[in-house]
Amino acid sequence: MVKWIVRGVIGVVALVLVLVLAVTGWAGWRFVGSQPRTEGEVRLEGVTAPVNVVRDQYGVAHIFGETDADVYFALGYTHAAERFFQMDLYRRTAQGRLSELFGERALRADIRARTFGFPEASRHALANLSDEARLIVEAYVSGVNARLEQGNPAPEYLLLRTRPEPWTLADSASVVVVLADDLATGEGEDRERARASQVLEGSMLEQFLSAFPDWAPTTLKDEDISAAFGDIRRQTLPPPAGTQPDNEPGSNAWVVSGDRTETGAPLLANDPHLGLSAPSIWYFTRLNLSFGPVLGASLPGTPFITLGRNAHGAWGFTNTGFKVIDLVERDSDTTQTNTRIETINVLGQRDPFELTITETSEGPVLDAQWFDLTGFDSDALVVRRSTVSDPRNRVADATLAIMRSTGWDDFVEAGRGWTAPMQNMHYAGVDGTIGYTTAGLLPIRDEDGEWTGFVPFEELPRIVNPAGGSIASGNNLPAGAAYPYPLPGRYAVHRAVRIENMLAERRRHSLEGFITMQMDVTSALAEAILPALLAAQPESELGLEALARLEGWNASLDAEGPEGLILSAWLRVMTEAIWADELGPMARYFRGPRPVFVQDVLTGDASSWCNNVTTTQVETCPVIAGLALDTAMAELARTNGGDISSWRWGDHAQGYFAHPMDSLPVLGGMFGVRVPVGGDGTTVNVANFSYAGEGFDIVHAASLRVVYDLADLNNSRFIHGPGQSGHPLSPHYRDLAELWSRGEYFQIRDDWTPQSAPQGSRVLTLRPR
């Protein structure tokens, strides 16, 4: 009897084991089988003739077809093969449908999207497409769905136990809307002012909010503005007080004329800074179109090259920082409102969640149940006014026009259909022209901050071939008092200072020199405050040793040395010590670097902030800085040991390319990517970490880097991280991360065909079925 029981148990165990192995094998087969196909032939409905998708050794897709529609179809197919889960998250973010995949934890994000009206904004963008742009998007969408019809487009769907839905034209429009809102500025600034005003007033409030300083450079110089806008006279109002708080996250771009280069032709550098993600927000591609090659960074989910170059010129963008979103208080008794109900399906819940949204003619009312309205009048309606919601959105046609532009005038005119986000657009042409223009809706405000219209397109900040031969943007203020309209917004300072200093160091520049500039980790903030820091009065041995290491330091936050770690840990402790006592409970909303304010406290007129108002004695900045250094060094010693010489900034400053699945047990390690970096939030090679956390993971940095050589456009250099593919088993999922970390680049050339493709290329041919 026992023998039969044992045999029965063994049989059951064996059966279970077989089933487990079968399920595991099936799952593994599905996981592996979802990898993008890169070689051979595929027959599809939707193409009219063979299209070749040639991936080079870095996974960059070069697409060749007989018609433009076939090229855009192939781009859609390629994006879906490499990045469909990313595309799906973009559209769900914009449509407020993340909860369908991730459950209640994503509900607030969905409520935000529905409240802000992103789905409606996407419908407006779709309705505004020209006939030409609509045909392009239709071809692209057809290509996306051709890949989806083959099944198994991404491994994430296996883990989520769901299947992807077909792609639509509205989905492509929604991708643009969610990026526009992410880059639009103003909401955070209004929240800061509302909260700070609860505990600060007068000069203390204005010091803390740190208006753009007089000593900082503007992108456009007054003499160029006067020459360009001298005939425009407006009785304008000063910008509202305190709406230009300092900010470091952002992007860099600079361009120099041929008079300033070794080749005699312009050079243009661009490195937009965004949250790091796996995969990258960008997908490098080369489209061989009827009007010539266009190549650079495409945005998965859309059929256009957003940042790149054609045969006539190159362009790069940074965020203007202009205030295009307002949070305004309205009288609840007199403001006319209407309501609508949105239904949100939530994974794991039987009944959908019903959201009631209140709207005004200006925009939606923010519900305190879902939005933190600390600092605002609890009896008032808080209304969100935003250019992202403007129904005139024609960004798709504007981007297409940029791709087709044949020179400066075309490039400027292309921006006429742009609404949001407002961008600094740098340009360099093969004819030697360099220029800067902005595009988008820039509100004009009256004394009370009410919108009275928008700056006419012809009068937006713009310059061509400036006298100095260079134009540089580090998200600093685009133009000063010579410009005839106020420019309230959120601007950075220290990266622009460093860029302009490096441009001024030599008369003639090279492509290699521009690459060196992009990787520069010298902090203009550290240079400015180092004398004050060296006056600190630490009491611990580690504090004194750390201070001694900074004597003679060149302010370079190199990954290999300890100085970047010392400074970063020190400033994180000291900044909170500077203002936590004045702000009290509100201090939790202001955990961040605030570099302009910190510089003013340590070297300017705001030194009284060093005094701790909760004590009876008067503390000076050297005392507060010394105590902060002691605290920071003690914290670092607990995790790194007491030997400062063994510390490396790069061991802590890890570029963290996050993926929604990287927290999963066992499998999570396949998705997340980490590489060491140098710098911090004030360096040209930007590396932003959270002041609210304990570690130094770099979560916001250069999403790509490119340098365009207008003497030979094929000599231009490109890089992004972590890789071209979104599939963790692809050789191109993380192969670019180390190159990105080390500051290495590659070329994307337009002088070869599928028959003469570089060694190591793989060719996939899409043929009509």
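This is a predicted model: local features need pLDDT of at least 70, side-chain atom pairs count only at pLDDT 80 or more; totals for chains, interfaces and linings use all residues.
Helices (H or I, at least four residues) and strands (E, at least two) are DSSP runs, numbered from the N terminus. Residues are numbered from 1 along each chain as its sequence is written, and side-chain values use heavy atoms, with hydrogens and water left out.

**Helix 14**

- The buried residues of helix 14 (buried means under 20% relative accessible area, with a 1.4 Å probe and protein chains only) are His 494, Arg 495, Ala 496, Val 497, Arg 498, Ile 499, Met 502 and Leu 503.
- Among the elements that cover these residues are strand 4 (251-256), strand 5 (267-275), strand 19 (470-473) and helix 15 (511-518), where contact means heavy atoms within 4.5 Å.

**Aromatic pairs**

- Rings of Phe, Tyr and Trp (its six-membered ring) pair if their centres lie within 6.5 Å; planes under 30 degrees apart count as stacked, over 60 as edge-to-face and the rest as tilted.
- By this rule there are 31 aromatic pairs.
- Phe 208 and Trp 609 are stacked, because their ring centres are 5.6 Å apart and their planes meet at 20°.
- This pair joins helix 10 (residues 202-209), which holds Phe 208, to the loop between helix 19 (595-603) and helix 20 (621-640), which holds Trp 609, 401 residues apart.
- Phe 208 is buried at a relative accessible area of 0%, and Trp 609 is buried at 0%.
- Trp 315 and Phe 411 form a tilted pair, 6.4 Å centre to centre with 35° between the planes.
- Trp 315 is in strand 9 (residues 313-319) and Phe 411 in helix 13 (residues 408-414), so the pair ties together parts 96 residues apart in sequence.
- One aromatic cluster consists of Tyr 58, Phe 284, Tyr 708, Phe 718 and Phe 746.

**Disulfide**

- The structure holds one disulfide, defined as a pair of cysteine sulfur atoms within 2.5 Å.
- Cys 610 and Cys 621 form the disulfide, with their sulfur atoms 2.0 Å apart.
- The torsion about its S-S bond is about 95°, so the disulfide is right-handed.
- Cys 610 is buried, with a relative accessible area of 1%, and Cys 621 is buried, with 13%.

Technical notes: Buried means under 20% relative accessible area, exposed over 50%, partly exposed in between (1.4 Å probe, protein chains only).
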